[in-house]
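Work through these exercises with the sequence and the structure open. Each task is followed by a worked solution.

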Amino acid sequence: MKKITKEVYLKWYEDMFFWRKFEDKLAAVYIQQKVRGFLHLYNGQEAVLAGALHAMDLDKDRMITAYRNHVQPIGMGVDPKRVMAELYGKVTGTSKGNGGSMHIFSKEHRFYGGHGIVGGQIPLGAGLAFGDKYFKRDSVTLCYMGDGAVRQGSLHEAFNLAMLWQLPVVFICENNGYAMGTSVARTSYSTDIWKLGLGYEMPCGPVDGMDPAIVAKEMDKAIERARTGGGPTFLEMKTYRYRGHSMSDAQHYRTKEEVEEYKKIDPITQVKDVILEKGYASEDDLKQIDKRVKDLVKECEKFAEESNFPPKEQLYDTVYEQEDYPFLQHKL
């Protein structure tokens, strides 16, 4: 396993703090109607991403997820200014403004979305891994889903084939407790989501998704298993989202007191405490990081605000076209 050093903790703190502030800014501009449609924020779940990125090889590994997908591509190396511009619907965005909040994408950085269909990304993640195995590439795919998606039949089909073909994929359920707004306890007799892997004899287990060090350790084992031909793993990351399912969520299904309890184990606070306890940095050092982060968020906002909307002609330029498509008759 890669060592978790002073530098790693400082990177975790800066990355997670930036992701949090980036999402907070999106919430603010959404209220101003500068970002339209749905907006699903990641606040509280940052340790799941931070720990995974530490275990990955970003030069060859892939990631695919659902629609809570703004900060993952940033972690994979995508310019955050382009991510914010995409949310604004601007031509400088990752998909030239055509994708929006739920469809961030970067082939260059091996981030494959961003999918609005619940569970739609699960078989696609298995497919990416199948491609790597077929072409004998030394890559692993991380396929994320929420707790609401695990009731989809596509998950079971993907699990079965992933085990049958021993695909190099790690399936990760980010269990933040409520899916869209209904607790796991109200939708399933068994609340241990990780046990779904047992039916396929897939290595599986629960993970504390609020601590990046624990996430990194478990992800490292799963990625190494996949990379060395050991097949897939299914991990249930037990985490929590501080904001609603989306910005339109009134959150009547939980109390403010419950949210405050979970904030006591905020992943950013946990990392900050380790940094201070071990003397990796002082409070003043962390304040410098905080300022750097806030300045970068302002840069992202400025870039998105000043970018142009795509021209109307782009609607036709980005539609797939095959001139010799069979059975298509052209009028002379």
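**Exercise 1. Locate Gly-114 in this predicted model, and describe the peptide bond that joins Gly-113 and Gly-114.**

Solution. 
- Step 1. Find the loop. Gly-114 sits between helix H4 (80–87) and H5.
- Step 2. Read omega for the bond joining Gly-113 and Gly-114. The angle is about 20°.
- Step 3. Name the bond. This peptide bond is cis.

**Exercise 2. Describe helix H9 (residues 267–277): its buried residues, their packing partners and its N-terminal cap.**

Solution. 
- Step 1. List the buried residues. They are Pro-267, Ile-268, Val-271, Val-274 and Ile-275.
- Step 2. Ask where they point. They cover an arc of only 130° around the axis, so they lie on the same side of H9.
- Step 3. Find what they pack against. The partners are helix H1 (6–31), helix H2 (46–55), helix H7 (212–227) and helix H10 (283–306).
- Step 4. Look at the N-terminal end. Asp-266 caps H9 there. One of its side-chain oxygens lies 2.8 Å from the backbone nitrogen of Ile-268.
- Step 5. Go just past H9. Gly-279 takes a positive phi of about 70°.

**Exercise 3. How many salt bridges does the structure hold? Work through the pairs of Arg-227, Arg-137 and Asp-79.**

Solution. 
- Step 1. Side chains of opposite charge can pair when their charged atoms come close.
- Step 2. The structure holds 22 salt bridges.
- Step 3. Pair Arg-227. Its partner is Asp-61, with the closest N and O atoms 2.8 Å apart.
- Step 4. Arg-227 is in helix H7, and Asp-61 is in the loop between H2 and strand E1 (62–64). The two are 166 residues apart, so the pair links distant parts of the chain.
- Step 5. Check the cover of this pair. Arg-227 is partly exposed at 21%. Asp-61 is buried, with 0% relative accessibility.
- Step 6. Pair Arg-137. Its side chain meets that of Asp-132 in a salt bridge, 2.7 Å from N to O. Arg-137 is partly exposed at 38%, while Asp-132 is buried at 0%.
- Step 7. Pair Asp-79. Its side chain forms a salt bridge with Lys-81, 3.6 Å from N to O. Asp-79 is partly exposed at 31%. Lys-81 is partly exposed too, at 22%.

**Exercise 4. Where is Ser-188, and what does its side chain reach?**

Solution. 
- Step 1. Ser-188 is in the loop between strand E3 (169–175) and strand E4 (204–208).
- Step 2. Check its cover. At 14% relative accessibility, Ser-188 counts as buried.
- Step 3. Trace the contact with a side chain. A polar contact of 3.3 Å joins Ser-188 to the side chain of Arg-151.
- Step 4. Trace the contact with the backbone. The Ser-188 side chain reaches the backbone oxygen of Ser-190 at 2.6 Å.

**Exercise 5. Which residues make the nonpolar surface patch of about 660 Å²?**

Solution. 
- Step 1. Name the members. They are Phe-130, Tyr-134, Phe-135, Leu-161, Leu-164 and Trp-165.
- Step 2. Assign elements. Helix H5 (121–134) and helix H6 (153–164) each give two or more residues to the patch.
- Step 3. Examine one member. Phe-130 is found in helix H5. It is partly exposed, with a relative accessible area of 35%.

Notes: Residues are numbered from 1 along each chain as its sequence is written. This is a predicted model: local features need pLDDT of at least 70, side-chain atom pairs count only at pLDDT 80 or more; totals for chains, interfaces and linings use all residues. Side-chain values use heavy atoms; hydrogens and water are left out. Buried means under 20% relative accessible area, exposed over 50%, partly exposed in between (1.4 Å probe, protein chains only). Helices (H or I, at least four residues) and strands (E, at least two) are DSSP runs, numbered from the N terminus. The arc is that of the directions from the helix axis to the C-beta atoms. Contact means heavy atoms within 4.5 Å. A polar contact is a pair of N or O atoms within 3.5 Å; within protein, one must be able to donate a hydrogen and the other to accept it, and residues adjacent in sequence count only if both atoms are side-chain atoms. Patches are made of residues with over 30% relative accessible area and no salt bridge: like charges are joined within 9 Å, nonpolar side chains (Val, Leu, Ile, Met, Phe, Trp, Tyr) within 5 Å. Accessible areas come from the Shrake-Rupley method with a 1.4 Å probe; for residues, only the protein chains shown count as cover. A salt bridge is a side-chain nitrogen of Lys or Arg within 4 Å of a carboxyl oxygen of Asp or Glu.
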